[in-house]
Amino acid sequence: MRAPSPSVFPAIAADTQAVDRLIYDSLHTGVPLVAEVSQYLIQAGGKRLRPALLLLVAGALGYTGVHHHRLAAVVEFIHTATLLHDDVVDESILRRGLPTANAQFGNPASVLVGDFLYSRAFQMMVEVQDLRVMQILADATNTIAEGEVLQLMHLGDINVDEAGYLRVINAKTAKLFEASARLGAVLAGSTAEREQQCAAYGRAVGTAFQIIDDVLDYDGTVDALGKNLGGDLREGKPTLPLILALRMGTPAQTAVLRDAVAQSQAEQAATVSPDLLQQVLQIVRDSGALQAAREQARKQAELAVSTLTHMPDNIYTQTLRELAVSLQDRTA
């Protein structure tokens, strides 16, 4: 087992290390391939933002129990399982600068290990023996699955508008952020109103995170992102930068974008020629779509900060505030 990674949030550094240890301890299995794929995924790293939200909210509200580490690990397992399935569906070959699990071990192993992580997560959450906790996580997992299917239905659809896009990311991404923050409040025995405030914070942070993630797919670098630039376009995903560029671009630019989306879906090849991809990247940048998308992310970050107004004033709440603000400056 590798040493637990240091937390990017000093307020929860010790908690993060405890969660990392629990994650590795919980991956023990008598099936070698399951252990190998699981360890490969976890060792690939990641921001651990969802577990961090749970730990920070619980800390902000004065929780002193023992269940926050277990539930933080559960949240990370659920997230990792969704990544496994995502990469298979998207036929991705690179994540976090490394070959994806499906590229390394094949699609069948990736899908089945994703199922293992889901089931292990549910085993662990049952140990907390809190029906409200199980309800939150079961509902979140179901919503995430719906979001994945909805995104699949939208592939290659250039008529998807901002509302349709937000519906997808609210289900696919923001829901687990929301659940993580809500769980921190539930563990702390908060009122229903406080629980809703924390859930709103998580939902806004998750939305901002995904918007910026989609912006970086058109405006980042392979080295910084750890994945190929323009991947969303190749897969025919109508993310916010593309949706805005279709609305804000000139007729000639719009025609190029439509051709690129059509090419990505031709015979389900999910390919776009390098020259056309470069044209699209330039059009999205020149149209002002990236700035407009970042503005929407900024508004979500401000919404997240506003939900913290009535939270206790401590280092955990301060970190939650700083986290929301910092999302706007993400480069990876």
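Colleague: Is Leu 55 buried or exposed?
Modeller: This is a predicted model, by the way. In it, Leu 55 is buried, because its relative accessible area is 3%, and under 20% counts as buried.

Colleague: Where is Leu 55 placed, and what is it in contact with?
Modeller: Leu 55 sits in helix 3, residues 49–60. Leaving aside neighbours within four places in sequence, Leu 55 is in contact with Ile 12, Asp 15, Thr 16, Val 19, His 68, His 69 and Ala 72.

Colleague: And what separates Leu 55 from Asn 102?
Modeller: Their C-alpha atoms are separated by 31 Å, and the two residues are 47 apart along the chain.

Colleague: New topic: how do helix 4 and helix 8 pack?
Modeller: Helix 4 (residues 67–90) and helix 8 (residues 162–187) have axes 10 Å apart, at an angle of about 170°. Helix 4 and helix 8 are therefore roughly antiparallel to each other, since the angle is over 145 degrees.

Colleague: Which residues meet there?
Modeller: From helix 4, the residues include His 67, His 68, Leu 71 and Ile 78, and from helix 8, they include Lys 172, Leu 176 and Leu 183. The contact divides into six nonpolar, four polar and two charged residues.

Colleague: What about helix 9 and helix 15, at what angle do they cross?
Modeller: The axes of helix 9 (residues 192–219) and helix 15 (residues 289–306) cross at roughly 160° and come within 8 Å. That makes helix 9 roughly antiparallel to helix 15. The crossing is left-handed.

Colleague: How many nonpolar residues are in that contact?
Modeller: The contact of helix 9 with helix 15 has 15 nonpolar residues, along with three polar and two charged. Among those that meet are Tyr 201, Ala 204 and Ile 211 in helix 9, and Leu 290, Ala 297 and Leu 303 in helix 15.

Colleague: Which residues touch the most other members of the largest nonpolar core?
Modeller: Leu 71, Ile 78, Leu 117, Leu 137, Leu 183, Tyr 201 and Leu 320 do, in a core of 67 residues. Another core lies apart from it, with 30 residues, among them Ile 169, Leu 233, Leu 257 and Val 261.

Colleague: Last one: is Gln 151 buried or exposed?
Modeller: Gln 151 counts as buried, because its relative accessibility is 15%. Gln 151 belongs to helix 7, residues 131–154. Not counting residues up to four places away in sequence, Gln 151 touches Val 168, Lys 172 and Lys 237.

How values were computed
Residues numbered from 1 in each chain as written. Predicted model: local features only at pLDDT ≥ 70, side-chain atom pairs only at ≥ 80, totals over all residues. Heavy atoms only, no water. Axes fitted to C-alpha atoms, helices over the stretch in contact; angles between N-to-C directions. Helix = DSSP H or I, 4+ residues; strand = E, 2+ residues; numbered from the N terminus. Parallel < 35°, antiparallel > 145°, perpendicular 65-115°, else oblique. Left-handed = near helix turned anticlockwise from the far one by under 90°. Contact = heavy atoms within 4.5 Å. Nonpolar A, V, L, I, M, F, W, Y, C, P; charged D, E, K, R; others polar. Buried < 20%, exposed > 50% of the residue type's maximum accessible area, 1.4 Å probe, protein only. Core = buried A, V, L, I, M, F, W, Y, C linked by side-chain atoms within 4.5 Å.
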